[in-house]
Amino acid sequence: MAAQVKIKLDKTEAQKGDLVEVKALVYHPMETGLRKDKSGNPIPRKILNKFVCTVAGRQVFSADFDTAISANPYIRFKFKAAESGPVILTWIDDDGSNIVGQANITVN
Amino acid sequence: MTLTMNRRQALTMGAGALAASALAWSDLPALAETNGFEETIKQFSGGRTPAEGRVNLDLPKLAEDGGSVPMTITVDSPMTEESHVTDVLVVAEGNPRPVVVTFHFSPANGVAEVSTRIRLAKTENIIALAKMNDGSVYMAKKEVTVTVGGCGTS
């Protein structure tokens, strides 16, 4: 299966207190519900409506997306290096399914 | 002298009156249509008037593709337990729906900075509001000119 998520940390190893930048891209059409197909029938809304980032099990950042977030949602944000562990990014679809991606950070 | 009017005269008068009234109607300012963004802002701010400053909203002046407009928001805050941004709401005045996205920050972010890409239906104002842990709200507004709308309705 082709990768649905691309994650890039600007550093995989950091000193405690350093800022770590996260860039993430998830492949998803983010269907707004405003489009119509060739026959004129409305294409139903189906978007990723929530994004959550945890680092070493602690929630650091989250977002509520509406239909105006572009297709293949891109996000860039930072966190302060505190504890080594997984950086887990989760996107939640309108239909309740999740897309999850992971990177790792080592903190000295 | 009796006033008589033949049918032609009556029709001409009527047409004239109609044309005159059509002109007057188009002169009236367009009734403001809104997607409800003012109410959204009011709810987020808890009724307070947001202050200007502290929020940097970075958007291109001109977006050729309304379907993917890069946006970066930075809020001036130490992001300590004592003083930090809790939420950032982005509102689009001219989109079908007013809310674009809400970001939830914590001191663990270290900085209140985020980038993403958004859809704009047409040339419009985008407003970013930042709420602090003490309840104060700051805002920034930018106008983006859009050449091709991004809602995919065409």
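**Ground rules.** I am reading a predicted model, where local features need pLDDT of at least 70, side-chain atom pairs count only at pLDDT 80 or more, and totals for chains, interfaces and linings use all residues. Residues are numbered from 1 along each chain as its sequence is written, and chains are lettered from A and ligands numbered from 1 in the order in which they are written.

**Chain B.** I found two helices and nine strands here; these are DSSP runs numbered from the N terminus, helices being H or I of at least four residues and strands E of at least two. Along the sequence I read α-α-β-β-β-β-β-β-β-β-β. Of the 154 residues in chain B, 36% are buried (20 or more other C-beta atoms within 10 Å of the residue's own, C-beta atoms being placed from the backbone; exposed is 12 or fewer, partly exposed in between).

**B:Ser83.** I located B:Ser83 in the loop between strand S4 (69-75) and strand S5 (85-92) of chain B. Is B:Ser83 buried or exposed? B:Ser83 is exposed, because 12 other C-beta atoms lie within 10 Å. B:Met132 is 49 residues from B:Ser83 in sequence, yet their C-alpha atoms are 7.2 Å apart.

**Where the chains meet.** I see 25 residues of chain A in contact with 28 residues of chain B (contact: C-beta atoms, placed from the backbone, within 7 Å). Strand S5 (58-65) and strand S6 (74-80) of chain A each supply at least two residues of chain A's side. S6(A) pairs with strand S7 (residues 112-118) of chain B, antiparallel, over three bridges (pairing takes at least two DSSP bridges). There I noted B:Val114 as the bridge partner of A:Phe77.

How values were computed
Contact = placed C-beta atoms within 7 Å.
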